[in-house]
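Subject: Structure handover

Hello,

Here is the structure I promised to pass on. My notes on it follow below.

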Amino acid sequence: MAAEVDHLGGDQGADRPRGRRGRAGHPGAPDHLRQPGRTPVPHPDPREQLRADCGRCAGLCCVLPAFAASADFAVDKPAGRPCTHLQGDFRCGIHADLRDRGFPGCTVFDCFGAGQQTVQVTFGGRDWRGSPELAAPMGTAFGVLRQLHELLWYLAEALALPVAAPLHPELAALRDRTEQLTAAGGDELAAVDTGAYRAEAGTLLQAVSELARAGLPGRNRDRRGADLVGARLRGADLRGASLRGAYLIAADLRGADLRRADLLGADLRAADLRGADLTGALFLTRPQVAAARGDAGTILPAVLEHPAHWGAP
Ligand code: SF4
């Protein structure tokens, strides 16, 4: 998949742990990210709404991107071609065995609810199989909505931070504008300058980050965009550090103290978070967590669940 420019957090997207997610066995159940046997605690947090509902989508994330055969995907697939495992009802034929069948990348991707928004709202319930002429505009709209929904995640988090109260009016205005935009038609979405939009949001979120990290030991530790691939950071005190857009691929973060660290856009693929404390970590998302390793000792922000593949708590 081609790298994207992310003006929010670094030189790659905040969704960098890219992959595809599975079609759940029943509508609206992104269950590969849930802990088996664990009843989710209800949250009033608006981020709970920014969750994929695969049963109301049309397999967009199984069609639109290209896959390169790798540790994440067992096969090559060109962009725009449906994955061979995508069934007629838009569900994944190997959903229960994605990791064992060589598709762990599919368990990591999260559209933040952009899939069902595209199909049900932007295109009124139509899909690319019944209306092949919609395939291209649907793909364009999904790409824009994916970014807008991710931005709504960050804005919801920022608006929940009391310390960011001085910025709440600006944040709320941007949230309202973004929500209105997500209800726009395909042509209007296609015209959105996502780069400029994300740049504007990035500036605001950076200000939120500085407020939230003020007074913490690592607040001046600026590792934005740092190459920390494979870094040995076991037990490191990274409280309040800015790791925005940092490359933490396969980094050893076992037992690290990442409380209030800014992780917007940090690449956590295969990062070892076992025993790490991410209480209050800023701008951390489900796909980042799903791409990392962790265990029952990993402490996540309250809105995030331990992925199923981390094992039982
Ligand atoms: S294996 Fe194919 S159908 Fe299943 S989730 Fe991945 S891309 Fe979608």
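Two residues are in contact if their C-beta atoms, placed from the backbone, lie within 7 Å. On that basis, Y154 touches L205, L264 and F283, leaving aside residues up to four places away in sequence. Please keep in mind that this is a predicted model.

**The core.** The largest nonpolar core has 79 residues. Y154 is among the members that touch the most others, along with L60, L248, A261, L263 and A271. Helices 1 (114–122), 2, 3 (168–182), 5 and 6 (286–291) each supply at least two residues of this core. Helix 2 gives the most, with 12 residues.

**Helix 2 against helix 5.** Helix 2 spans residues 135–159, and helix 5 spans residues 194–213. Their axes come within 11 Å and cross at roughly 15 degrees. An angle under 35 degrees counts as roughly parallel, so helix 2 runs roughly parallel to helix 5. The crossing is left-handed. On the helix 2 side, the contact is made by V144, Q147, L151, Y154 and A158. Helix 5 brings T194, R198, A201, L205 and V208. By class, this contact has 7 nonpolar, 2 polar and 1 charged residues.

**V144.** Is V144 buried or exposed? V144 has 24 C-beta neighbours inside 10 Å, so V144 counts as buried. This residue sits in helix 2. V144 touches L189, V192 and T194, again not counting residues up to four places away in sequence. V144 and D193 are 49 residues apart in sequence, but 9.0 Å apart in space, C-alpha to C-alpha.

Best wishes

Methods: Residues are numbered from 1 along each chain as its sequence is written. This is a predicted model: local features need pLDDT of at least 70, side-chain atom pairs count only at pLDDT 80 or more; totals for chains, interfaces and linings use all residues. Axes are lines fitted to C-alpha atoms, for helices over the stretch in contact, and angles run from 0 to 180 degrees between N-to-C directions. Helices (H or I, at least four residues) and strands (E, at least two) are DSSP runs, numbered from the N terminus. Angles under 35 degrees count as roughly parallel, over 145 as roughly antiparallel, 65 to 115 as roughly perpendicular and the rest as oblique. A crossing is left-handed if the near helix is turned anticlockwise from the far one by less than a right angle, and right-handed if clockwise. Ala, Val, Leu, Ile, Met, Phe, Trp, Tyr, Cys and Pro count as nonpolar, Asp, Glu, Lys and Arg as charged, and the others, Gly among them, as polar. A residue is buried if 20 or more other C-beta atoms lie within 10 Å of its own, exposed if 12 or fewer, and partly exposed in between; C-beta atoms are placed from the backbone. A nonpolar core is a set of buried Ala, Val, Leu, Ile, Met, Phe, Trp, Tyr and Cys residues joined through C-beta atoms within 7 Å.
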